[in-house]
Amino acid sequence: MEKEFLEHGLTFNRRRFLSTMSLGLGSVALGSLMIPNLLNGGEVDEAGFVPGIPHFAPKAKRVIYLFQNGAPSQFETFDYKPKLCEMVGQELPPSVRGMQRLTGMTANQASFPLAASFVDFKQYGQSGAWISDLLPYTSKIVDDLCIVKSMYTEAINHDPALTFFQTGSQQGNRPSMGAWLSYGLGNENKNLPDFTVLLSRGIGNGQGVYSKLWSNGFLDSIHQGVQFSKGEDPVLYLRDPEGMDRAARREMLDNLSELNQLSYSEFGDPEIAAKVKQYEMAYRMQTAVPEVMDLSKEPDDIVKLYGPDCLVPGTYAANCLLARKLSESGVRFVQLYHQGWDQHGNLPFEITSQAKDVDQASAALVTDLKQRGLLDETLVIWGGEFGRTSYSQGKLTADNYGRDHHPRCFTIWMAGGGIKPGMVYGDTDDVGYNVSRNPVHVHDFQATVLHLLGLNHEKLIFKHLGRRYRLTDVSGKVVRDIIS
């Protein structure tokens, strides 16, 4: 029994499972199919949660999150504001700003001149969504997107805002969304991790990303995100050491497993079981990772779809194509970070380059998933940690300006995985400073993502140091209007 526990990391018993599920022998059969050796011992979570089984039928199986790190300006991408063209150079009305705080970068400005977008917009699709000319490829898939224009958050600086989106808290050392999904839903492919991370960078100011964003926090370490790099070794320390062959590696792991079983018998530390699973996963990944990271076999039509950069390791386009391959292989949560969206100045030049980096590949990913029949079961998300101000940071000129951080309203889009396609949800006021209709808080967004994957955000709980934690803390509501 102890050996089986170490292999599967489960902590509940037969009696508690049967009483919790209340479905008798039918639940036993279903559970045994979904999680081998489900009834082999241990205790259920205090909240009655059974890891690996959704609370209800999911609409999506996997998530690909295209995080635009640094915060894209909604005014040059999705939130068309003709009123700004009429008011360009005028002061932001005090009645609009109210008592909202500003960052230290603009709080001492003597003037807050409104800045219109330098780029034109057009309407596309049945929804009539306004899309910037910077995003010609995205405009072609607009009928597959749900564009949420009424997002808002609490943090006004990058680190806490980014951490808030990823973990539900502005402080570190909490499990990330990918870790929560790994804990809640388990593994689809035993040869690959549940949660992977891919990084790329544009030419603009690069706000940092750091491992706390894909941390397991207080969950078992098996749920931590695994970063894939563009180098010769996409996952560090995965190769066998020099002088060790596959058979010797297997023998070493078997011996290590026996030692860990002895340690578990003595100390009962669940992290020992997690370590055993990590060692075994690394062993299986030695074969699976090189295969999934190999893009040389992609057909010409796919390369053309994503653009030539998709064959250049470490680019956003290459990472989007890898995200499709990882998701297709059963990776539960694929997290991309594209750095460089922090345009406090020189915005027209820098955002043009950033948009070119991501436009074709983002649209290609949605198209590729759709033509493979995978979009319905894959939730794709695109967006940053907050928005940008409708007034100029620094001097406003005819051909140059910048925008500061703005948490009060911004835009993201979602596609596939149970989201209503061809929809624009929410709106902002005439100058894009405040949400005017259907506000969506970060915790509402997180609750909705969990719901689409069959998890009730109020029941996905882990007790740590006497407190019950969840991704959405003590708030959040599912945005049912955008669910198909």
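Q: Are Y65 and F67 buried or exposed?
A: This is a predicted model, in which local features need pLDDT of at least 70, side-chain atom pairs count only at pLDDT 80 or more, and totals for chains, interfaces and linings use all residues. Residues are numbered from 1 along each chain as its sequence is written, and side-chain values use heavy atoms, with hydrogens and water left out. Buried means under 20% relative accessible area, exposed over 50%, and partly exposed in between (1.4 Å probe, protein chains only). Y65 is buried, and F67 is buried as well.

Q: How many aromatic pairs does a search of the whole structure find?
A: Rings of Phe, Tyr and Trp (its six-membered ring) pair if their centres lie within 6.5 Å; planes under 30 degrees apart count as stacked, over 60 as edge-to-face and the rest as tilted. The search finds 19 aromatic pairs. One of them joins Y65 and F67, a tilted pair at 5.4 Å centre to centre with 55 degrees between the planes.

Q: What is the geometry of the pair F165 and F410?
A: The ring centres of F165 and F410 are 6.1 Å apart and the planes stand at 70 degrees, so this pair is edge-to-face. Helices (H or I, at least four residues) and strands (E, at least two) are DSSP runs, numbered from the N terminus. F165 lies in helix α7 and F410 in strand β11 (residues 410–415), so the pair ties together parts that are 245 residues apart in sequence. Both F165 and F410 are buried.

Q: Which residues do ring pairs link into a cluster?
A: The cluster consists of Y65, F67, F165, W214, Y337, F410 and F445, linked by ring pairs.

Q: At what angle do helix α7 and helix α14 pack?
A: Axes are lines fitted to C-alpha atoms, for helices over the stretch in contact, and angles run from 0 to 180 degrees between N-to-C directions. Helix α7 (residues 158–167) packs against helix α14 (residues 442–452) at about 30 degrees, with the axes 9 Å apart. Angles under 35 degrees count as roughly parallel, over 145 as roughly antiparallel, 65 to 115 as roughly perpendicular and the rest as oblique. The two helices α7 and α14 are therefore roughly parallel.

Q: Which residues make the contact of α7 with α14?
A: Contact means heavy atoms within 4.5 Å. Helix α7 contributes F164, F165 and T167, while α14 contributes V442, H443, F445 and Q446.
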